[in-house]
Amino acid sequence: MKPYSRRRFLQTSSLLAAGSLIIPSFPLKIDKPLLSFSTLGCPDWPFDQIIDFAAAHGYDGIELRGILREMDLTKVKELSTSESRLETLLKMKDKALRFVDLGSSATMHFADPAERLKNLDEGRRFIDLAQQLDCPFIRVFPNNFPKDQEKTRTIDLIVKGLLELADHAKGSQVSVLVESHGDLVKIADLETVMKAAQHPNSGMIWDVSNMWTITKEPPADAYKALRAYIRHTHIKDAKIVNGEPHYVLLGQGEVPIFSAIDALRSGGYKGYYSFEWEKLWHPEIGEPDVAIADYAKVMRAHFG
């Protein structure tokens, strides 16, 4: 696998420069949170509805995790050609929005060579797409660790996958972020992975709820240990029902989510607070127009 090539970089730069499309990285706001939401929360909304709703409710960015239930973003009509990407970026600029993360389904813990190659190939495609969209991050993850594989072996595979993809992104403005997800939710395990996978183009997404609902480790402790690696966040709340998280509106659950938000804020975090309403995976939870509007309102009120 080759790092992001100079030729591909120049092609991408030409596309983005056309019409002054590049949106300034992380628009500067004083004492106001940068808000985004994942399209996981609105799986049946077409792209124009997504950005219209985001702009109307004061969001700053969009985290793409599928559009109209197509999870491979390279196949989405708004992103599949250079012409469609140009038009899409113009629409984003018109709404004062930017893409903040591309959520891939690339899974890092597989040992089977064919399965591993398939997942790493997806990661590489998402890196290339992110560069073309002036998007700073792509998301990768592990899920449940294989029971027939030693944990140390699984951790090693995750680290190697992150480093492979980070090397592919070298020379671009894209970083590969592993999400605290599945069985990779303990502070000590995340610290082990991130220390071993240090690279200019790697980092992590702190999903506070994914961690706390399983480990009950205080968010303040997680932030203290992992702050050097946190580049992006997933924010959501939940109640524990029969041992499983049931997602609820922000501030209405059991997750000490505001403790995490306050730790980020006091620690100087400058990235996005991205709402992850898992409507696609949990169709029984509330409708996106209610949840996504409520999140923006609650976050602005919390920040005063």
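This is a predicted model: local features need pLDDT of at least 70, side-chain atom pairs count only at pLDDT 80 or more; totals for chains, interfaces and linings use all residues.
A contact here means heavy atoms within 4.5 Å. Keep that in mind for what follows.

Contacts first. Take the pairs in the protein chain that sit at least 6 apart in sequence; 77% of those contacts join residues at least 24 apart.

Now the overall build. The protein chain holds 10 helices and 10 strands. Its C-alpha trace spans about 50 × 45 × 35 Å along the principal axes.

Next, burial and surface. Of the 304 residues in the protein chain, 55% are buried. The accessible surface of the chain is about 13300 Å². Carbon and sulfur atoms account for 53% of that surface.

On to charge. I count 38 positive side chains and 41 negative ones in the protein chain. The centres of these two sets lie 5 Å apart.

Let me finish on one residue, Thr 154. Where is Thr 154 found? In helix H5, which covers residues 151-169. Is Thr 154 buried or exposed? The cut-off for buried is under 20% relative accessible area. Thr 154 has 0%, so it counts as buried. Which residues does Thr 154 touch, leaving out those up to four places away in sequence? His 109, Phe 145, Pro 146 and Gln 149.

Terms used: Residues are numbered from 1 along each chain as its sequence is written. Side-chain values use heavy atoms; hydrogens and water are left out. Helices (H or I, at least four residues) and strands (E, at least two) are DSSP runs, numbered from the N terminus. Buried means under 20% relative accessible area, exposed over 50%, partly exposed in between (1.4 Å probe, protein chains only). Accessible areas come from the Shrake-Rupley method with a 1.4 Å probe; for residues, only the protein chains shown count as cover. Lys and Arg count as positive and Asp and Glu as negative; His and the chain ends are not counted. The place of a charge is taken as NZ of Lys, CZ of Arg, CG of Asp or CD of Glu.
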